[in-house]
Amino acid sequence: MAKITVNGGKKLNGVIKLHGAKNSVLPILAATVLISGISVIHNCPRLSDVDAAVKILEHLGAVVVREGDTVTIDCGNLTNYSIPDELMREMRSSIVFLGAIASRMGKASLSSPGGCELGPRPIDLHLNALNELGLKIEEEHGILKCDCGEGMIGTDIHLSFPSVGATENIILAGVTAKGVTVLHGAAREPEISDLADFLNGAGANIQGAGSDNIIIYGTSVLRSAEHTVIPDRIEAATYLAAAAVTGGKITLLGAIPAHLTPVMSVLKTAGCELSVKQNQISLIAPVRLKRVPVIRTMPHPGFPTDAGSPLMAMLSVADGSSMFVENIFENRFRIVDELKRFGAKIYTNGRVAVIEGVKKLSGAAVECTDLRGGAALIIAALASSGVTEISKIHHLDRGYEKLTENLSFLGATVERC
């Protein structure tokens with residue numbers, strides 16, 4: 001089993017470029033199913049979740065070619081409408097293929113998705129919405145068997161919670177439906193807008209993406225398209241937290257500062273000096289970080305839940321006590337027990353975590369519990385004295401490209417073996 005070894009205590013300094021957003025490229029890859037021609041996706045990161053999405057596309061009959069950070073997909077001759085259980089289990093967001101496959105093939109068959117165990121991510125919002133669009137869904141022994149007869153029919157849909165995945169599935173199902181689909185209570189994340197931009201570039205007519213009301217005018221045919229994926233805001237938050245916790249100074253290229261407003265607000269409260277330009281963010285860390293009274297994770301444009309664990313690790317060495325209130329995933333604090341192995345003082349009660357900052361952390365043997373929890377362990381290790389050994393790092397491969405290489409380039413003593 002691969003491991004990452006970190007010899008902490010080194011300041012991070014330098015300039016790195018962000019990769020494409022994991023949470024953006026996955027629904028875009030699913031969207032290529034709707035296009036009979038060629039899709040060219042630039043800034044596509046090399047991640048295990050992307051590899052899983054490519055395997056699904058190839059199983060469906062697509063031809064996929066990667067050259068550098070560009071992936072070309074030809075879905076002109078799809079032959080399958082089912083996804084086998086072993087592929088569905090490789091990533092949680094595999095459910096986003098449902099709307100696209102059903103729209104393209106008229107039917108779909110798949111099982112429940114896998115991925116990080118962060119507590120229930122019920123897909124009932126997805127299924128209920130797709131059912132309103134005309135998709136008939138039956139479950140047999142854990143397999144969802146879906147049929148939309150002669151096609152989806154546009155309608156008004158109201159989401160009780162702004163689920164990102166459900167919003168994506170509704171867009172993918174509605175884009176080729178007959179008539180107009182109006183989605184109320186939609187997720188507003190930048191990744192939703194990126195998906196809409198890709199589809200609109202292929203001839204779709206999606207209006208209002210990025211707001212809580214999205215209007216989708218059904219289009220019968222989508223043409224070949226070329227698109228560049230937005231930068232990964234959670235990767236950006238991770239590197240900023242890593243620089244902050246080590247007292248370093250870094251610049252991120254290819255960033256979109258507007259996507260990171262709540263994260264940068266927390267970093268400024270913690271005493272970091274930030275400067276932004278159109279496509280970059282620079283951070284200079286203080287000698288010691290300050291406490292941040294309360295951070296509440298919320299749907300966009302609030303503080304992103306995926307940035308919670310990395311910044312929790314960062315604040316474990318701040319001067320004073322900070323509090324996190326997790327409003328999205330009930331098991332986000334699974335990483336706390338591993339952070340305590342470094343000497344962090346973190347107390348949890350349900351969805352609330354109180355971090356009592358300590359002056360120093362010490363290297364430890366720890367293991368990743370999930371993707372963002374793994375990033376938190378990296379940050380704690382960078383701030384620690386001595387050597388840290390991190391196992392179960394396959395979680396990190398789901399969301400971070402060239403993580404150890406980038407950290408080494410910035411001055412960390414880190415090795416994957």
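How many helices and strands are there in the chain? There are 14 helices and 25 strands, where helices (H or I, at least four residues) and strands (E, at least two) are DSSP runs numbered from the N terminus. The radius of gyration, taken over C-alpha atoms, is 21 Å, close to the 22 Å that the globule rule gives for 417 residues, so the chain is as compact as a globular protein of that length; the rule itself is 2.2 Å times the number of residues to the power 0.38.

This is a predicted model, in which local features need pLDDT of at least 70 and side-chain atom pairs count only at pLDDT 80 or more, while totals for chains, interfaces and linings use all residues. Residues are numbered from 1 along each chain as its sequence is written, and side-chain values use heavy atoms, with hydrogens and water left out.

| Property of the chain | Value |
|---|---|
| Box filled by the C-alpha atoms, along the principal axes | roughly 65 × 45 × 40 Å |
| Share of the 417 residues that count as buried | 56% |

Buried means under 20% relative accessible area, exposed over 50%, and partly exposed in between (1.4 Å probe, protein chains only).

Helix α2 (residues 48-60) has 13 residues and reaches 19 Å from its first C-alpha to its last, close to the 18 Å expected at 1.5 Å a residue, the expected span being 1.5 Å times one less than the number of residues. Among the buried residues of α2 are Val50, Ala53 and Leu57, and what covers the buried residues of this helix includes α1 (22-31) and β4 (63-67), with contact meaning heavy atoms within 4.5 Å. Just after α2, Gly61 takes a positive phi of about 115°.
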